[in-house]
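Here's a quick briefing to read with the model open beside you. Have a look at the structure first, then go through the points by topic.

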Amino acid sequence: MSRALATESVFQVISCPTRRALLDTLSRGEKNVGELVRSLAVTQSAVSQQLAVLKRAGLVREHRAGRFRYYRLRAQPLAEVDTWIARYRAHVERQLDALGQVLDAMPDEPEEAP
Amino acid sequence: MTDIRIVRDYPHPPAKVWRALTDPALIALWAMRPEGFAAVVGNRSRFVAKPQRGWRGFVECEVLEVRERELLRYSWIGNEGEDARRPLLAELDAEGALRPGSALSVRFPATPANGGT
């Protein structure tokens, strides 16, 4: 059950546009809060608040260097999302295969002729 | 969240693909068995299959948008508590297909139904 909860939280985390923008920006390299505020054009408090959520979800790692805290993307939890999408996609692909077979077996009706 | 989109070309006219997407007897041949389905906005139906561990064995469906031979959009609730605002979309496009055929494009949200906010 805890696994299901963990999965859910990753999906919840990435359902927020600001958090996705933060992850996108961090995917290009580590940044401090000031740099994130400038590149996203949102307030510092919004960035700090969303970074805290990302940290709790294990999607971002923080470290101190001098006066600044730097943030780095930790992408491993996103593998859950990939797994879910791959499974759902495979299911839809199988149904579309079956639909193709049904179509091949269906006679054309006169008004359906191309 | 972004949608996932899968596109298939079928060498059949859109009217025929539309029939396979909307005629309950034909739907049962490639998907699940529909109960009470009609391609009419507001129609509520169930798609029934064998229950499995972790799944109740039917999907509740509400038709949200219909454009004959072009577009079918419906909500798809596979388990209790899932969010009906996350519709599935099936779009048919005769223009984009290899002629004489149809391109069927299926879109679904890239998150599980109980995962969003």
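Predicted model: local features only at pLDDT ≥ 70, side-chain atom pairs only at ≥ 80, totals over all residues.

**A loop residue to start with**

Residues are numbered from 1 along each chain as its sequence is written, and chains are lettered from A and ligands numbered from 1 in the order in which they are written.

**Positive phi**

- Ala41(A) lies in the loop between H3 and H4 of chain A, and its phi is positive, near 55°, though the residue isn't a glycine.
- Over in chain B, Arg69(B) is another non-glycine with a positive phi, about 65°.
- Arg69(B) belongs to the loop between strand E4 (58-67) and strand E5 (71-77) of chain B, and it is partly exposed, with 19 other C-beta atoms within 10 Å.
- For background, most residues other than glycine have a negative phi.

**Helix pair in chain A**

- Helix H3 (residues 33-40) and helix H4 (residues 44-56) of chain A have axes that come within 9 Å and cross at roughly 115° (axes are lines fitted to C-alpha atoms, for helices over the stretch in contact, with angles from 0 to 180 degrees between N-to-C directions).
- H3(A) and H4(A) are therefore roughly perpendicular (65 to 115 degrees).
- On the H3(A) side the contact uses Val33(A), Leu36(A), Val37(A) and Leu40(A), and on the H4(A) side Gln44(A), Val47(A) and Ser48(A) (contact means C-beta atoms, placed from the backbone, within 7 Å).

**Sheet in chain A**

- Three strands make an open antiparallel sheet, ordered E1-E3-E2 (strands pair if DSSP finds at least two bridges between them).
- E1 (31-32) and E2 (60-65) of chain A are the edge strands, each with a single partner, so one side of each has no neighbour in the sheet.
- Helix H2 (residues 17-26) of chain A packs on this sheet and touches E1, E2 and E3, its direction making about 90° with that of E3(A).
- Lys31(A) has Tyr71(A) as its bridge partner in E3(A).

**Overall make-up of chain A**

- Chain A has five helices and three strands (DSSP runs numbered from the N terminus: helices are H or I of at least four residues, strands E of at least two).
- Buried residues account for 17% of its 114 residues.

Notes. Contact = placed C-beta atoms within 7 Å. Buried ≥ 20, exposed ≤ 12 C-beta atoms within 10 Å, placed from the backbone. Parallel < 35°, antiparallel > 145°, perpendicular 65-115°, else oblique.
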